[in-house]
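Open your viewer and get ready to click along. We will go from stop to stop, selecting a few residues at a time.

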Amino acid sequence: MFSITDEPLPQELVGDSSQQLAASEHRALLTLIGARPYLLVSEPIEDVQHFAVGSLDILVPLDSTFLTASQLSVASTQNITAIMDADAQVILSSSNPLEIEAGTPLSALRNRYVLTMQSFSDYRDSDLNMLYATLMPKALFQQTGQAILDLERRQRAMGAAGIIGTFVLLFVLVSSRINRSLRRLQDFARRALGESLTPLPQSGNRLMQLDDRIHDVIDLVLRARDETRSRHESEMRQLEALRAGVMEASVDSIVTVDADGMVIDFNPTAQRAFARTLEEATGRRLAEMVFEEGSAQYFQSLLERLAESGSIDNEFTRVELTATDGEGGRRSMEVAIRPIVLDRRTLFTVYLCDIQERKEREVEMRALAAFPEESPSPVLRINSRGVITYANAPSAALLEYWQCQPLQTLPVYWREKVDEVLQTGHDRELEINTDKGIYSLLLTPVQGLGYVNVYARDVTDQRRAEDALQQRQDELVHVARLSTMGEMSTGIAHELNQPLSAIVNFSNGCARRLRLGIGTEEELLSALSQISEQANRAAEIIKRLRALVTRQHLVRHEVDVNHLISEVCKLLAHDLRKLEIAVERRLYSDALIVCADTVQIEQALINLVRNALDAMKDQPALERRLRIGSGIAHNGMVYISVEDSGVGIRSSDMEHLFDAFYTTKDTGMGMGLAITQTIIEDHHGMIHAESWPGKGGTFTIELPRNVETPESLAS
């Protein structure tokens, strides 16, 4: 055993310390050695085999030095710490031995010091009851208490000042808010109630002002409530009168029933429709009174389902039922049911609309709608974009010709025709030749709806009859021409026979006389004179015959070129229909007057148009286009143009185009354009041609507007 200080070990421990202190386990305890307190810590010592061979003991004296070191955390140096014996109530050791000596009883210290004690909990195994005591002088304690009280007073004063300041600030804010609220209340009352309130004073108790103002506003609100109630009651009376007026003026029957279908209200229309007064209908089931048996059962079950569902909304439940008038008559009714809730009671407003006439009209409309389907002739509807929106069954031939189906678009040419009809607003008649036959089309615009109705009829038999008639007419004309030529041949032969016979006779007589050597010179000269006379006679006959086929003096008069074009189109209408060509006329807006021979100009136009038709006969029907135009050329002359979409004219043929007997046709004579050029040049005009091989050609005639008059030609 050893001491950690320079102080020698107590005499009590110098002897056999191993028997007194040795321990086989760790322990720490407080003890008294020679009336002095010590802290004894014992730690066992073991060998390598963990057998206890001794202990390490540390002995710490609890003297003033130890206690002074334990006072480092104490704020005041006037406090004294001490070790005391609780049982003996005496001081064993103190941090200030000069003030408190060891052995001083506690009773001697209580008058001067405030004593606090605590036990040594970590040394509860000790046999001694030692306490750690702190002694504070009472003067210091009182001084500290007074300082604490002063501090508390200052803190309370500061807290009170803060609370008072906060309350004052809060009062100012509340007062400001009250002031603003009062002003808003005043403005609201003035705007909402239309009352003039006394302005708020600028000073005074705002809460009292608020209370007074609230009473004023309450009075105004109560007065306004009474006025609103009165106005509301008036409006309710007006609405009730309006509702009654609506109920009376309604063209539909309006009935109010309860959840069981019993009638509560019956408007005048329903009274007239079902021949029952309100008194007669009230309390009876609407289903049994109005509907026939099947409809009555359905209506009653519908009311029960609506009542059980409990769903109240603004939607109508609509059904179509059959009503009876009590005399065996049955009429279709559209019934609309709407649930309403009054005083937690579910009612139903039933609207009954007589739709018998509407149903009959619908049947008629369906019958009319089925009329195109029942028609044996093609009927189609085409919109402004050229789409076929409807086509009945007989339209199959037209659809095959156009190579399209319903809801598909027409070819470009026919779309242009539809657009033209819609823009002009006039009907247009066209004719097409299909593989199924010839059809005449009537395009009728419906401008308000933006579509065109196409009504077609099969005119194949009619056109065949017309073709046969035309063929017979051509044959008759041919026979007439043969007859005329026969008549002319007979007359010419008869007239020529006489002078020729006389010439033969006189020639034979002269020859005989010369051969026989008879007759005088005068006789021969006389015979030769007769021969000359008869020859002149024959020459005159030939001259007259030539006069029949040569050009005579023209008979010209003023004529409108546009009129001539129209006449030519009429003359060639049969050929145009046969080739399925619609002539596009681009005529001058005003009349174009020229002085010409109508027959010759028409013949010239016929030649040009027939050439154009021949040029397009091998083209597909939808690609055939013939355009005839008129106008005033840049040189002031009137022009007529004939444009086709045929095969065109080769450039090698252009220079010989107007030569006589030159033709590009397999069966042509080559005289048509030559004769046309002769006619135009005889009218002091000109003709020229333009061509685009494979795309078509254009022939243009130009005639002067001021030509020689018939009087000048005669002179």
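In which kind of crossing, left-handed or right-handed, does α16 pass α18? Keep that in mind while you set up the view. This is a predicted model, and the protein averages a pLDDT of 77, with 77% of the residues scoring at least 70.

**Stop 1: two helices**

Select residues 598–616, which form helix α16, and residues 672–682, which form helix α18. The crossing of α16 with α18 is left-handed. Their axes are 9 Å apart, and the helices pack at an angle of about 145 degrees.

Now show the side chains where they meet. On the α16 side, pick Gln600, Ile601, Ala604, Asn607, Leu608 and Asn611; on the α18 side, pick Gly672, Leu673, Thr676, Ile679 and Ile680. Colour this contact by residue type and you will find six nonpolar residues, five polar ones and no charged ones.

**Stop 2: the largest nonpolar core**

In soluble globular proteins, nonpolar side chains tend to be buried together. Here, the largest nonpolar core has 39 residues. Select Ile601, Leu605, Val609, Leu613, Leu626 and Phe699, the residues with the most contacts inside this core. Elements that each supply at least two residues include α14 (561–571), β22 (626–632), β24 (686–692) and β25 (696–703). Which element gives the most to this core? The answer is α16, with nine residues.

Next, centre on Phe699. Beyond its neighbours within four places in sequence, Phe699 is in contact with Leu608, Ile640, Ser641, Val642, Ile649, Leu657, Phe658, Leu673, His688 and Ala689. Apart from this core lies another one, of 26 residues; to find it, select Phe266, Phe291, Leu306 and Val319, which are among its members.

**Stop 3: valine 568**

Move to valine 568, in helix α14. Is valine 568 buried or exposed? Its relative accessibility is 2%, so it counts as buried. Not counting residues up to four places away in sequence, valine 568 touches Glu602, Leu605, Ile606 and Val609. Try the distance tool too: valine 568 and alanine 604 are 36 residues apart along the chain, and their C-alpha atoms are separated by 10.0 Å.

**Stop 4: isoleucine 593**

Select isoleucine 593, in strand β21 (residues 593–596). Isoleucine 593 has a relative accessibility of 36%, so it counts as partly exposed. Leaving out neighbours within four places in sequence, its contacts are Glu558, Val559, Asp560 and Arg705. Histidine 557 is 36 residues from isoleucine 593 in sequence, and 9.8 Å from it in space, C-alpha to C-alpha.

**Stop 5: arginine 463**

Now go to helix α12 (residues 460–516), where you will find arginine 463. Arginine 463 is a charged residue, and it counts as buried because its relative accessibility is 10%. Which residues is arginine 463 in contact with, leaving aside neighbours within four places in sequence? They are Glu431, Ile438 and Arg577.

**Last stop: colour by confidence**

Finally, colour the model by pLDDT.

Notes
Residues numbered from 1 in each chain as written. Predicted model: local features only at pLDDT ≥ 70, side-chain atom pairs only at ≥ 80, totals over all residues. Heavy atoms only, no water. pLDDT = per-residue confidence, 0-100. Helix = DSSP H or I, 4+ residues; strand = E, 2+ residues; numbered from the N terminus. Buried < 20%, exposed > 50% of the residue type's maximum accessible area, 1.4 Å probe, protein only. Contact = heavy atoms within 4.5 Å. Axes fitted to C-alpha atoms, helices over the stretch in contact; angles between N-to-C directions. Left-handed = near helix turned anticlockwise from the far one by under 90°. Core = buried A, V, L, I, M, F, W, Y, C linked by side-chain atoms within 4.5 Å.
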